[in-house]
Amino acid sequence: MKTVIDSPVGPLTLVGVGGALTGVYMERQRHRPPEESFGERDDAAFGPVVEQLGEYFAGRLTDFDLPLELIGTPFQRVVWAALCEIPYGETVSYGELAELIGRPSASRAVGLANGKNPISIIVPCHRVVGSNGDLTGYGGGVERKRNLLDFERRNAEGVQTALEF
């Protein structure tokens, strides 16, 4: 099942199976599955997701509490779980994330797994940066990544603001 909602970063396609969220995809997102794989449209099935994303974009929510089903390889799921441990308003490098999962020499593999994260924003792959702090690639585009990081940083510093893109 799927639905499409408007957001400050553009339309988001929400995908779910059996009550769990399996995807949050932006327009023109790299590694976005084909539309026909998302199933039938069901706007009513995503109420809590829509509500929490609205609170996030309004600057009032920093941690999501939603049932997720992360579909990927065991390694990808380990990386995606680690992404959820990165605090709101902060960033880590690919190397730091590799160390966090106990695979310090796997920063490239971590980067590939990060890029294939199917649940954008909620599983915060945008919080991973290059070793020197540069905003390296992002499936939704570097400009969206910059805006999300700036938005979170301002809110984490106590300047509550809604995301405007």
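**Figure 1. The Arg60–Glu55 salt bridge.** In this predicted model, Arg60 pairs with Glu55 in a salt bridge whose closest N and O atoms are 3.0 Å apart. Arg60 is exposed, at 53% relative accessibility. Glu55 is partly exposed, with a relative accessible area of 29%. The structure holds 8 salt bridges.

Figure 2. Arg146 and Glu143 form a salt bridge, and their closest N and O atoms are 2.9 Å apart. Both residues belong to helix α5. They sit 3 residues apart, about one turn of the helix. Arg146 counts as partly exposed at 34% relative accessibility. Glu143 also counts as partly exposed, at 46%.

Figure 3. Lys2 and Glu35 form a salt bridge, with 3.4 Å between the closest N and O atoms. Lys2 is in strand β1 (residues 2-5), while Glu35 is in the loop between β3 and α1, so the pair ties together parts that are 33 residues apart in sequence. Lys2 is buried, with a relative accessible area of 16%; the cut-off for buried is under 20%. Glu35 is partly exposed, with a relative accessible area of 34%. Salt bridges with shared partners join Lys2, Glu35 and Arg32 into one network.

**Figure 4. The largest nonpolar core.** This core has 38 residues. Leu12, Leu53 and Ile121 touch the most other members. Two or more core residues come from each of the strands β2 (12-17) and β3 (20-26). The helices α1 (47-57), α2 (74-83), α3 (94-100), α4 (107-115) and α5 (142-156) each give two or more as well.

**Figure 5. Surroundings of Leu12.** The contacts of Leu12 shown here leave aside its neighbours within four places in sequence. Among them are Thr3, Val4, Ile5 and Ser7. Leu12 is also in contact with Val24, Tyr25 and Met26. Leu53, Phe57 and Ile121 complete the list. Leu53 and Ile121 are, with Leu12, the core residues that touch the most other members.

Figure 6. Val110, Ala113 and Asn114 are the buried residues of α4. Seen down the helix axis, these buried residues fall within an arc of 100°, so they line one face of α4. They pack against α2, α3 and β5 (128-129). The face turned away from this buried side carries exposed Arg108 and Leu112.

Key:
Residues are numbered from 1 along each chain as its sequence is written. This is a predicted model: local features need pLDDT of at least 70, side-chain atom pairs count only at pLDDT 80 or more; totals for chains, interfaces and linings use all residues. Side-chain values use heavy atoms; hydrogens and water are left out. A nonpolar core is a set of buried Ala, Val, Leu, Ile, Met, Phe, Trp, Tyr and Cys residues joined through side-chain atoms within 4.5 Å. Buried means under 20% relative accessible area, exposed over 50%, partly exposed in between (1.4 Å probe, protein chains only). Helices (H or I, at least four residues) and strands (E, at least two) are DSSP runs, numbered from the N terminus. Contact means heavy atoms within 4.5 Å. The arc is that of the directions from the helix axis to the C-beta atoms. A salt bridge is a side-chain nitrogen of Lys or Arg within 4 Å of a carboxyl oxygen of Asp or Glu.
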